[in-house]
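Subject: The structure I promised you

Hi,

Here is the structure we talked about.

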Amino acid sequence: MIKTITYSEAIREGMRKRMKEDPNVFILGEDVGEFGGCFGVTGDLIKDFGEERVRDTPISEGAIVGCAVGAAATGLRPIAELMFIDFVTVGMDQLVNQAAKMRYMFGGKIKLPMVVRMPTGAGSRAAAQHSQSLEAWLTHVPGLKVVYPSTPQDAYGLILSAIDDDNPVVFLEHKLLYAMSSEVDLDIDPIPLGLADIKRQGEDVTIIATAKMVHEALAAAEELSKDGIEAEVVDPRTLFPLDKETIFKSIEKTNRVVIATEETKRGSYAGEIAAIIAEECFDYLDAPITRVCCLDTPIPFSPVLEDYVIPASKDIVHAVKKLL
Amino acid sequence: MKAIGIIANPASGKDIRRLVSHATVVDNNEKVNIVKRIILSAQGCGVDRVFIMPDTFLIGYKAIEDLKISKELKIDVEILNMKIKGNVMDTIRATKIMEEKGVKCLVVLGGDGTNRAVAKSITTTPLIGVSTGTNNVYPEMLEGTVVGMAAGVVATGACSIDQGCKRDKRIEIFKDGQLIDIALVDCVISRQKYVGSKAIWNIKDIDMVIVSRAHPASIGFSTIVGTSLIVGKDDDFGALIHVNSGNKKVRAPIAAGTIEEIRVDEPRILKLDEAVCFKPTYNGIMALDGEREVPFKVGENIEIKITSHGPYRVIVDRILELAQKNGFFET
Amino acid sequence: MDLSNEKVIQMYRTMKRIREFESKAAELFAEGRIPGFVHLYIGEEAVATGVCANLKESDYITSTHRGHGHIIAKGGDLKYMFAELFGKETGYCKGKGGSMHIADADRGILGANGIVGAGHNIAVGAGLSAKYRGTDQVCVCFFGDGSTNQGTFHEALNMASIWKLPVIFVCENNLYGISMHQSRHQAIQDVADRAVAYNIPGVVVDGNDVLAVYEAAKEAIDRARSGQGPTLIECKTYRHRGHFEGDPTIYRDPEEVNEWLQKDPIIRLREFMLDNNLLAEEDIKKIDEEIAAEIEEAIKFAEDSPFPPVEAAVEDIYTDIVEEVRR
């Protein structure tokens, strides 16, 4: 069945599908029940599944993640929602020291099928504590998988895989994409974690972009096309595991690469992708690897300031033109 | 010197009855507050010196420090210089030291267990028991301010102690003719073998209950008698009842929130100093004032008596009435 | 309360196994045969023993950095424990966890834990899981007094209370958070008082009296199984050794240590058994010898076991991804 739905509805429908199929899947988080989630992602799920399975929690991020760890270790498949990725700081021990390490510390004798969903990214005038892109922190930790879809269809296909995975999966959702709608095939097979998608074919330059930056990259590509430059836009979709093969193949063709993420540049996952390319794909490069990221500042409140620090399509256009 | 003593037990009000019978929790910071109120009202009623037992939670030190910071403390308050063990011996020793120091009234914050410890060593100093424990029969629920006033009346000699105090009964336990322990309210003979979590609440192990006082408006094992026979605090007798035998059934509040139906025989009145001989046919334990304390073995020679050798208890409302009549409150 | 002689004797065995295991671990550590850190449970044996004597194999526990006693009391195998301490392939965690991370999910042991206070929330998750799946399992969360100053303690008690989860919070108050005496690290003396804030029962028991611990735990566990929600049990106890092996314990008064040594839980239970004719001296001696032999055998097993192959380092991070090996 193909329906036109939003990115947030796609995530919800994916969760609904798995909750219908498997009674061990349940949701917990702040205001996810009757209220429907701070960004409306859980929506009406409580009507279908009741408050046991769409469970409102106190404002205790450590307990939300920790509770998911305990539940996953004892046979359930929890989906925890943190209201903003910024709040993972409060639950970081449970995610980094517990969830990510438990299987390894216990010699592989336990599995933790759990998803932690985190609304991510800037642009909603939410200032420094509700706007971050912390994917570098999360991808840094062995034991976590990190997913970051850019379209409703990808969000749907990836949330299914995230729920099916027997490991802790961090599922990042860009807040400004929630309202984006497009046709979604609800009967597709889950999109495997670790499979990138080429969002636009091109010969002249590869733009690796994540989440909202995929759309900025596509806009930049249209702009560049007017000047006869054809950019290929690669969306990794999963940050770990990372589909290196698709990235390398594109670079083999274009010999130039721009990496566009919304993270602050210093210590970013964009830097990690750049390092991987430099180590493993250097011979195919005709120009320096270039990153387009957020300026190294906290996200400011005032719209003029926020728009200035976060990267946009014009920054990508500018970066590409410098390479050619 | 118009001195009073304060003993506050940091361990009272925490035992397993919180779990088995919804009993009240009294946290130690509240005990600090009660001690502060007692000191201030005693100070306001003419007491010039207060001695406090040291304890592991530093209740006395905390009270003094707070009152110094708030600049309310005008009199000399001293923490006894004694090494503490963090157990019941502290209370027993502090009682003795305070009497040697010449306190005129001793205020005890704790439960039946704490008051029983005081009763083991106190001689003639009048006692005010303030309930901060569980299921208490002996100490009363009293506001610290009122307690401080009553202690002030006693310490300043504003009225006759004979009129405002009463010597209580106690239950004495002898083994081979030697006094080994006492209880103020009840002695329960149980088939349980071990002290465990101390508090006692299981009826089916119980054989016999001996009481110095009993009333249905009370709580704990003495009510097994009290629901059939009232034994007043001031009556010159006690009573004994067998449990899980006889043909009668009573319902009694044996713990907070716990009304149990219990099979008993008729209670038997025990005159003062009348000895009950108990030769156990099983190993068990005696619970004194609600706490499993004294183990006994088959064939031991145990004697239990109600005597009039308990502590002198201040009758708080009476002593304040007498003080009022004597013009104590007019300044 | 019904407590059979067999159960009492069984608890003696458990306490003695813990004591001997830990004493040997101390020796082996001092001889440099065990790497890393070890935090010993000596002196606190009555707590794990009295509590776990009420648990079924399917029940859960979460433990701490001082976790050997909990694992043994929950039925852990000394061979695999020693092997883990030695970093051997045959250890509970294939040598990847060590002393602070021993776990055995098959016995409901959700792991010792190197982060103070981290087990509280995991226990809540396990409790939620038991309730969600409609089983009568409970989860016991062991922790020290120090961890009750972590936010996780408060989050967990709150959550367990509002959802009436079958979680029993067992505080092993050994008077010190590492070097800091309890009177300096919190403004209360009884951790049990904190239960009031979360509307759950909070009780204090003598943590060096295994019978007292057993009794309180039984009430709390029955309560949890029957759907009445969590309980906080505070066991007053003392660690005979330092925070870790090698800790000079300059922060403790030798007289205080000595007083607690007099209250040794194993000696107390031994005396109780002798006084009540549960066992004769020679029976106890026989038990002690059996345990000593079991320990020797476990150490031999550990010593004879191979270290893991180095390539094992990249396995067991994920269920389906094996990281690259060093070339």
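First, a definition: the radius of gyration is taken over C-alpha atoms, and the globule rule is 2.2 Å times the number of residues to the power 0.38. For chain B, with its 331 residues, a compact globule would have a radius of gyration near 20 Å, and the chain agrees because it has 20 Å.

Before I go on, some ground rules. This is a predicted model, where local features need pLDDT of at least 70, side-chain atom pairs count only at pLDDT 80 or more, and totals for chains, interfaces and linings use all residues. Residues are numbered from 1 along each chain as its sequence is written, while chains are lettered from A and ligands numbered from 1 in the order in which they are written.

Back to chain B. Its C-alpha atoms fill a box of roughly 60 × 40 × 35 Å along the principal axes. Chain B has 9 helices and 18 strands (DSSP runs numbered from the N terminus: H or I of at least four residues for helices, E of at least two for strands). Of the 331 residues in chain B, 55% are buried, meaning that 20 or more other C-beta atoms, placed from the backbone, lie within 10 Å of the residue's own.

Now for contacts (two residues whose C-beta atoms, placed from the backbone, lie within 7 Å). Among those in chain B between residues at least 6 apart in sequence, 70% join residues at least 24 apart.

How do the chains meet? Chains A and B do not touch, and their nearest C-alpha atoms are 25 Å apart.

Finally, chain A. Its domain assignment gives domain 1 (2–185) and domain 2 (197–323), with bounds that come from an automatic or database assignment. The centres of these two domains of chain A, taken over C-alpha atoms, are separated by 26 Å. In chain A, 24 residues of domain 1 are in contact with 26 residues of domain 2. The elements giving two or more residues to the domain 1 side are helix H5 (135–139), strand S6 (145–147), helix H6 (152–164) and strand S7 (169–174) of chain A.

Cheers

Conventions:
Buried ≥ 20, exposed ≤ 12 C-beta atoms within 10 Å, placed from the backbone.
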